[in-house]
Structure formats: C-alpha cells, structure tokens
Amino acid sequence: MDSAFAEISNPPSPSGMANTSSDALAESDDCVREVRRCIEVIRDKLNYDVPTSIATMRSLEKMFANIVEAPDEPKYRRIRLTNPKAARLLGAKGVQPLLVKAGWRAAVEQMEEIWIHDGSLPLLRTTRQILSSLAASDAAAHAASEIVRAQNLAKATKVKLDTLADIKADRESYMERNGKSNGAQSGHGGTHKAPIVNAIEFAPAVAADR
C-alpha cells in the first residue's frame with residue numbers, strides 16, 4: 001500500500017497520543033474563523049450531499065489527527081498526490097483552501113507535487129476538533145432525518161395501499177351488484193324471446209297460406 005495516504009486512514013496507536021485540547025485556539029481567533037468559513041464550503045449542500053460532506057470532513061479529521069497525535073513523525077506532515085485517495089480528497093471543493101488555512105502548503109519534492117504541513121499545531125488541533133464535532137453532529141442530524149423520511153414513506157405507502165384496497169373493494173361490490181342486475185334482466189328477457197322465435201319460425205307458413 002502506498003504510504004503517501006496510508007496515514008490518513010491509519011492513525012497512530014493511542015499510546016502515542018498527545019493532549020488534544022490543552023493548546024487549542026479560542027473560537028474568537030481570526031484563524032479559527034477562517035477555518036470555519038472553509039469548512040462551511042464543505043458542508044454546503046449546494047456543493048455536496050450530506051453523506052459525502054461528512055465523509056470528507058472525517059477524512060480530513062483523521063489526516064489532522066495523525067499529526068496531532070504524532071507531531072514528530074514527518075510522514076504524517078506530507079500528502080503525495082500520486083496517491084489516488086489523496087488526489088481525490090484534495091480535488092474536492094473547499095478542501096485545499098481549508099488545508100492552507102490550517103497550515104498546509106503545496107510544494108514540489110523530487111519532481112513530485114506534494115502538500116506539506118509546517119504550520120501551527122494548535123491551529124491544526126483546533127481544526128481537527130471542529131471537523132470532528134461538525135461531522136458527528138451532521139451525521140446525527142442526517143440519521144434522524146432519514147428515520148423521519150422512512151416513516152413518512154411508510155405512511156404514504158400505507159395510504160396508497162389502503163386506497164387501492166378500497167378501490168378494489170368498491171369495484172368488486174359494483175361488479176357483484178351489476179352481475180345480479182344483469183341476471184335478473186336476463187331472466188325476464190327470456191320470456192319474450194320464445195314468441196319472437198316462434199313468429200320467425202312460422203313466418204314462411206303464413207306467407208305460403210296467402
């Protein structure tokens with residue numbers, strides 16, 4: 001597996017974790033405001049559907065977590081675009097501006113385009129916390145909305161089935177009533193057919209007598 005992006009999906013073990021909140025930046029910090037504005041682009045439903053937005057934020061959060069939890073590991077501070085997953089993530093709308101605000105920069109290393117983090121660790125830690133919190137809240141809200149949608153769909157389906165059943169019952173009742181009516185009319189009509197048939201049968205004889 002290419003190590004260029006493996007760190008994004010495989011964070012270090014808890015034994016190497018650093019404190020994730022001791023030096024986080026305040027929400028009033030201008031850099032934090034800029035980070036939040038970039039994240040809102042990723043959350044914007046005009047740019048992504050909700051599951052894609054959540055997945056993007058979680059991928060970024062894992063990538064930042066690697067650095068926060070192992071700040072002295074150089075490989076976690078580099079993203080190689082030769083890795084398809086990394087290229088796809090960085091190609092998503094809003095991601096590169098967020099990386100820049102969080103302390104990343106584009107560079108060329110050994111004729112290869114990469115992204116390097118050499119910015120503020122407290123800002124990166126704060127960005128990670130924001131991403132984690134928003135991804136969790138959006139996922140919970142989306143799950144709740146899906147439950148409501150499924151319930152509404154079930155109700156609409158039941159109403160449709162009940163309506164179809166009523167239509168079928170009305171049709172069968174109508175057919176039953178109509179069938180009895182036709183049977184009654186058929187019984188009365190039979191008493192008038194015999195004279196007509198007889199008149200036809202005897203018509204030649206009457207003509208011959210004349």
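**Entry 1: salt bridges**

I began with Glu 61 and Arg 128, whose side chains meet in a salt bridge, 2.8 Å from N to O. Glu 61 belongs to helix α3 and Arg 128 to helix α6, so the pair ties together parts that are 67 residues apart in sequence. I checked the exposure of the two, and both Glu 61 and Arg 128 are buried. I note that this is a predicted model.

Next I looked up Glu 69. Its side chain also meets that of Arg 128 in a salt bridge, at 2.9 Å from N to O. Here Glu 69 sits in helix α3 and Arg 128 in helix α6, so this pair ties together parts that are 59 residues apart in sequence. Glu 69 and Arg 128 are both buried.

I then looked for a network. My count of salt bridges comes to 13.

I also looked at a pair inside a helix. Arg 37 forms a salt bridge with Glu 34, with the closest N and O atoms 2.4 Å apart. Both residues lie in helix α2, three residues apart, which is about one turn of the helix.

**Entry 2: strands**

I listed the secondary structure. The protein chain has six helices and three strands. Along the sequence they run α-α-α-β-α-α-β-β-α.

I followed strand β3, residues 112-117. Five of its six residues are buried, so the rest of the structure largely encloses β3. Strand β1 (residues 78-80) pairs with β3 in the antiparallel sense over three bridges. Ile 79 has Trp 115 of β3 as its bridge partner. Strand β2 (residues 104-109) also pairs with β3 in the antiparallel sense, over six bridges. There I found Arg 105 bridged to Ile 116.

I checked the turn as well. The hairpin of β2 and β3 has two residues between the strands, and Gln 110 takes a positive phi near 55°.

**Entry 3: core**

I looked up the largest nonpolar core. It has 31 residues, and those with the most contacts inside it are Ile 39, Leu 60, Phe 64, Leu 98, Leu 99 and Trp 104. Helices α2, α3, α4, α5 and α6 each supply at least two residues of this core.

I took Trp 104 and skipped its neighbours within four places in sequence. Its contacts include Met 63, Phe 64 and Ile 67. Among the others are Tyr 76, Ile 79, Leu 99, Trp 115 and Leu 124.

I checked Ser 53 in helix α3. Ser 53 is buried, with a relative accessible area of 3%. Setting aside residues up to four places away in sequence, Ser 53 touches Ile 42, Arg 43 and Tyr 48.

**Entry 4: surface and totals**

I searched for nonpolar surface. Leu 161, Leu 164 and Ile 167 form a patch with about 300 Å² of accessible area together. Leu 164 is in helix α6. Leu 164 counts as partly exposed, at 46% relative accessibility.

The protein chain has 210 residues, and 27% of them count as buried. Its accessible surface comes to about 13,300 Å², with 57% belonging to carbon and sulfur atoms. Among contacts between residues at least 6 apart in sequence, 73% join residues at least 24 apart.

Notes
Residues numbered from 1 in each chain as written. Predicted model: local features only at pLDDT ≥ 70, side-chain atom pairs only at ≥ 80, totals over all residues. Heavy atoms only, no water. Core = buried A, V, L, I, M, F, W, Y, C linked by side-chain atoms within 4.5 Å. Buried < 20%, exposed > 50% of the residue type's maximum accessible area, 1.4 Å probe, protein only. Helix = DSSP H or I, 4+ residues; strand = E, 2+ residues; numbered from the N terminus. Contact = heavy atoms within 4.5 Å. Patch = residues over 30% accessible without salt bridge, like charges linked within 9 Å, V, L, I, M, F, W, Y side chains within 5 Å. Areas by Shrake-Rupley, 256 points an atom, 1.4 Å probe, with all protein chains shown as cover. Salt bridge = Lys/Arg side-chain N within 4 Å of Asp/Glu carboxyl O. Pairing = 2+ DSSP bridges.
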